[in-house]
Amino acid sequence: MNTAPAFASTLLGRTVVIFGGTSGIGLAAAIEAKAAGAQVIVIGSNAARAEQAANAHGLDGWRAADVTRPEAVEAALADIPVVDHLVLLAGTFVTGTIMSADVGHLRRAFDERIWASIGAIRALGERLSKAGSITFISGALADRPNAHGTAVIAAASAAMEALARGLALELAPIRVNTLSPGPIDTPIFDKALGEGRDAYVAALEQALPLRRMGSAGEAGGAVVFLMGNTFMNGAVLNVDGGARLV
């Protein structure tokens with residue numbers, strides 16, 4: 001018996017391009033989209049990692065690009081004739097207090113998210129299918145920032161959600177949605193926490209309703225849902241295991 005989600009058939013034969021698709025949530029989404037029959041191209045900041053991810057999982061192509069450089073984004077997309085679903089998950093975990101951090105460093109939170117997303121959409125132009133979708137990523141900080149140097153990245157995350165709502169109208173009938181993941185066990189999470197990861201995770205898991213973090217696969221599956229469900233538009237999909245409740 002076929003147990004694939006009903007919406008999965010809408011991805012069959014479609015071209016999916018995932019920025020930030022070489023690890024974590026993006027790679028999980030790429031693997032699931034490929035399993036649903038899509039032609040999947042992943043784009044990452046590191047060429048070797050992008051090539052390895054594509055080859056290891058039987059994906060259809062890879063590119064390397066610094067998303068803060070418009071010419072690099074344009075070059076990465078130049079030979080793709082049509083993109084049905086554009087997924088924009090790239091971005092580092094930019095932290096620092098506004099009184100002490102380097103402003104150029106803090107600006108990357110917006111450059112990697114808002115301006116990189118706009119650049120990719122503009123680079124594709126009419127090659128982005130009117131029957132397709134764009135998926136952004138925000139995060140729990142958009143709703144619940146903290147006092148530990150996350151004000152700017154929280155603002156950038158909230159801005160992604162506002163941008164998606166505006167573009168759902170401006171780019172209609174292209175659908176535009178945002179994934180807002182909570183605590184997901186991914187490489188970027190480990191990198192952000194460093195040596196304090198284990199202690200932080202242990203305390204976090206005790207506070208979370210499900211007593212665990214989410215997996216990249218769970219968040220990646222939500223990305224595929226947003227691509228495949230053709231009535232999802234202008235929405236923020238929270239995949240956080242109830243973390244917003246505590």
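Is Gly119 buried, exposed or partly exposed? I looked this up and found that Gly119 counts as partly exposed, at 26% relative accessibility. Here buried means under 20% relative accessible area, exposed over 50%, and partly exposed in between, with a 1.4 Å probe and protein chains only.

**Basis.** I worked from a predicted model, in which local features need pLDDT of at least 70 and side-chain atom pairs count only at pLDDT 80 or more, while totals for chains, interfaces and linings use all residues. Residues are numbered from 1 along each chain as its sequence is written, and side-chain values use heavy atoms, with hydrogens and water left out.

**Gly119.** I placed Gly119 in helix α4; helices (H or I, at least four residues) and strands (E, at least two) are DSSP runs, numbered from the N terminus. I also noted that the C-alpha atoms of Gly119 and Ala216 are separated by 26 Å, the two residues being 97 apart along the chain.

**Sheet.** I traced an open sheet of seven strands in the order β3-β2-β1-β4-β5-β6-β9, with parallel pairing. Two strands pair if DSSP finds at least two bridges between them. β3 (61-64) and β9 (236-239) each have a single partner strand, so one side of each lacks a neighbour in the sheet. I then examined β5 and β6 (residues 175-181), which pair in the parallel sense over five bridges. Within β6, Leu179 is the bridge partner of Ile137. Helix α4 packs on the sheet and touches β1, β4 and β5, its direction making about 165 degrees with that of β4. For this, contact means heavy atoms within 4.5 Å; axes are lines fitted to C-alpha atoms, for helices over the stretch in contact, and angles run from 0 to 180 degrees between N-to-C directions.

**Core.** I found 31 residues in the largest nonpolar core, and those with the most contacts inside it include Val17, Phe19 and Leu86. Such a core is a set of buried Ala, Val, Leu, Ile, Met, Phe, Trp, Tyr and Cys residues joined through side-chain atoms within 4.5 Å. Helix α4 gives the most to this core, with six residues. I checked Leu86 and saw that the residues it touches, not counting those up to four places away in sequence, include Ala120, Ile121 and Leu124.
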